[in-house]
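Have the sequence and the 3D view open side by side, and follow along.

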Amino acid sequence: RYTSINYAFWIVVFIAPAWLYGFINMKKDGPQYATLPATYLEKFVSILFYTLIVTPIVFMVGCLAMDTLLTLLPWGGYKEFSWQLNMGEFLDEFAGFNYTDMFGDWVWPLNILSIISTSSLMFFFSTIFKKHKVAKTAGVMFLLGFILLIAILASLPSIVEYFNNNPIVLEEYFYDYIDDRLLPLIYYSTIAISIVQTVVCYLWGYYRMKRMKF
């Protein structure tokens, strides 16, 4: 249940900017939106409000309402309400490690950052692409991920050769290095990249929105 809601939630958050405001650079509806009696800053704030606050809240309320209805039915596999489930155990099992112990009080701020970062990316590309905004944005993300994967795979032979020549390093230091240094490095790097990406996408998208040509 958590997994289904989680995946659906991220899909909705991802497509919300294109779904709600994908028309802002279109020839038909874009000029009407541009001439509304509001400043571009006010329009931008309203976009943030509806994509980052209203859409997630409405979606989660709808999911919880549907989940509650399915739980109240006398048949089916839903025997307890979703708020009675242990979210910490789910996160630990889903992530493959002690998620709550590692992130502690940062779990929800990190989730909020992920929501904002994901939405900012779609908002930015919605100001660039005129058609098939979601598919093209997903394609760009897939391409960037593929390039990153190639870079990682290209470095693996050197890493494997190093540990083959130095087995004691693997036995005594490598696993501790992963837990104590590598995972935290990846974790904090991801946070930094997400923040930079969010700021760049929103500022650049706002700049493009002010200078939109139809």
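Let's begin in the loop between α6 (107–126) and α7 (133–165), where histidine 132 lies. (Helices here are DSSP runs of H or I with at least four residues, strands are E runs of at least two, and both are numbered from the N terminus.) Histidine 132 has a positive phi of about 50° although it is not a glycine. For background, most residues other than glycine have a negative phi, and most peptide bonds are trans. Histidine 132 also counts as exposed because its relative accessible area is 59%; the cut-offs are over 50% for exposed, under 20% for buried and in between for partly exposed, with a 1.4 Å probe and protein chains only.

**What you're looking at**
- This is a predicted model, in which local features need pLDDT of at least 70 and side-chain atom pairs count only at pLDDT 80 or more, while totals for chains, interfaces and linings use all residues. Residues are numbered from 1 along each chain as its sequence is written, and side-chain values use heavy atoms, with hydrogens and water left out.
- The chain has eight helices and zero strands, giving the pattern α-α-α-α-α-α-α-α along the sequence.
- Of the 214 residues in the chain, 29% are buried.
- Take the contacts in the chain between residues at least 6 apart in sequence: 71% of them join residues at least 24 apart. (Contact means heavy atoms within 4.5 Å.)

- The chain's mean pLDDT is 81, and 78% of its residues reach 70 or more; pLDDT is the predictor's confidence in each residue, from 0 to 100.
- Which of the chain's elements have the lowest and the highest mean pLDDT? The lowest belongs to helix α4 (residues 87–95), at 51, and the highest to helix α3 (residues 40–72), at 90.
- Keep an eye on residues 92–98, where the pLDDT is below 50; beyond near neighbours in sequence, this stretch has eight contacts in the model.

**The nonpolar cores**
- The largest nonpolar core has 18 residues, and those with the most contacts inside it are Ile24, Phe44, Ile47, Phe123 and Met209. (A core is a set of buried Ala, Val, Leu, Ile, Met, Phe, Trp, Tyr and Cys residues joined through side-chain atoms within 4.5 Å.)
- Two or more residues of this core come from each of α1, α3, α6 and α8 (167–210).
- Phenylalanine 44 touches Phe123, Tyr202, Tyr206 and Met209, leaving out residues up to four places away in sequence.
- Apart from that core lies another, of five residues, among them Leu121, Phe124, Phe129 and Cys201.

**Cysteines**
- How many disulfides does the structure hold? There are zero, going by a cut-off of 2.5 Å between a pair of cysteine sulfur atoms.
- Cysteine 63 counts as buried because its relative accessible area is 15%, and cysteine 201 is buried too, at 7%.

**Asparagine 25**
- Asparagine 25 is found in the loop between α1 (2–21) and α2 (30–34).
- Is asparagine 25 buried or exposed? With a relative accessible area of 1%, asparagine 25 is buried.
- The side chains of asparagine 25 and lysine 133 are joined by a polar contact of 2.9 Å. (That term covers N or O atom pairs within 3.5 Å; within protein, one must be able to donate a hydrogen and the other to accept it, and residues adjacent in sequence count only if both atoms are side-chain atoms.)

**Threonine 55, in helix α3**
- Threonine 55 lies in helix α3 and counts as buried, at 12% relative accessibility.
- Threonine 55 and valine 13 are 42 residues apart in sequence, with 7.3 Å between their C-alpha atoms.
- Beyond its neighbours within four places in sequence, threonine 55 is in contact with Val12, Ala16, Leu20 and Tyr50.

- Serine 119 is found in helix α6, and with a relative accessible area of 1% it is buried.
- Not counting residues up to four places away in sequence, serine 119 touches Val13, Pro17, Thr51, Leu52 and Tyr202.
- Isoleucine 116 lies in helix α6 and is partly exposed, at 27% relative accessible area.
- Leaving aside neighbours within four places in sequence, isoleucine 116 is in contact with Leu52, Thr198 and Tyr202.
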